[in-house]
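Student: I'd like to learn how to read a structure like this one. Can you walk me through a few features?

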Amino acid sequence: MTIDQLGMVTIKQLRRKHDLKSYRNACRIVKQLEPFIHTTFFNKEKVLYLNKDGREFIGSTKEVKRNALIEHTLLSNEVYFHFNCPLDWRREHVIELKSDMKKHEIIVNGGLKIANKKIIADASFTRNGYTHFVEIDNTRDMSDNKKKIESYIDAFKQDRLSILYIFTKSKNRKRKFESWINQYNLRAHVHTFEEIN
């Protein structure tokens with residue numbers, strides 16, 4: 001279930017989540033899971049994700065494939081641990097904004113259709129009555145990052161009980177994010193991964 005919730009995990013991350021004691025003991029447990037998981041390597045660490053049998057065993061429909069987003073997923077897991085493993089942690093959380101009819105009317109087959117804006121947060125969870133949105137920045141171009149930050153402005157106008165957390169890999173990128181947050185007056189916090197490990 002943990003592997004399904006997080007998408008992909010390292011053995012170290014499984015140890016942290018389930019207090020598996022030694023690395024050797026964790027490897028013994030992972031060996032028992034072999035019929036249900038795929039394994040790959042990233043930065044010399046074994047990474048696990050569910051195979052078809054594993055998904056069927058727990059009743060999951062979320063298929064994960066080995067792709068270029070391994071690092072992004074593993075960094076997202078580090079944020080999950082930073083927030084003490086929220087029970088309602090959701091990856092790839094879709095936020096759909098209510099449309100303003102005047103601004104977003106489009107004509108489809110002779111009729112009107114409202115075009116809603118969507119934001120896909122890397123993760124989200126709730127705590128103390130607030131919805132916390134998480135963005136993981138590891139390789140995205142900064143111009144794309146700025147557009148995504150701007151999209152949160154509309155979301156936060158509609159939902160005043162939201163907070164954005166951005167986690168990035170460098171201090172320079174952190175400073176850039178902080179300048180945008182101040183410019184747009186967003187309820188947000190920026191951290192480097194170095195600061196949370």
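Tutor: Let's begin with burial: buried means under 20% relative accessible area, exposed over 50%, and partly exposed in between, with a 1.4 Å probe and protein chains only. This is a predicted model, where local features need pLDDT of at least 70, side-chain atom pairs count only at pLDDT 80 or more, and totals for chains, interfaces and linings use all residues. Residues are numbered from 1 along each chain as its sequence is written, and side-chain values use heavy atoms, with hydrogens and water left out.

Student: Is lysine 148 buried or exposed?

Tutor: Lysine 148 has a relative accessible area of 14%, so it counts as buried. You'll find lysine 148 in helix H7, residues 142-158. Helices (H or I, at least four residues) and strands (E, at least two) are DSSP runs, numbered from the N terminus.

Student: Which residues is lysine 148 in contact with, leaving aside its neighbours within four places in sequence?

Tutor: Contact means heavy atoms within 4.5 Å. With those neighbours set aside, lysine 148 is in contact with Ile119, Ile120, Ala121, Asp122, Glu135 and Arg140. Take glutamate 135: it sits 13 residues from lysine 148 in sequence, and their C-alpha atoms are 9.4 Å apart.

Student: What about serine 162, buried or exposed?

Tutor: Serine 162 is buried, because its relative accessible area is 1%. It belongs to strand S9, residues 162-168. Beyond its neighbours within four places in sequence, serine 162 is in contact with Tyr130, Thr131, Phe133, Phe156 and Arg187.

Student: How do I read a pocket?

Tutor: Rolling a probe the size of a water molecule over the atoms shows where empty space is left. On a 1 Å grid over the protein atoms alone, a pocket is an open set of points where a 1.4 Å probe fits, with protein on both sides within 12 Å along at least five of seven lines; lining residues have an atom within 4 Å of a point. Grid points are joined across faces, edges and corners, and the volume is the space filled by probe spheres set on the points. Here the largest pocket holds about 360 Å³ of space. It is lined by 18 residues, with Leu69, His72, Thr73, Glu92 and Asp122 closest to its centre.

Student: Which elements give two or more residues to that lining?

Tutor: Those are helix H5 (70-82) and strand S4 (90-97). H5 gives the most, with five residues.
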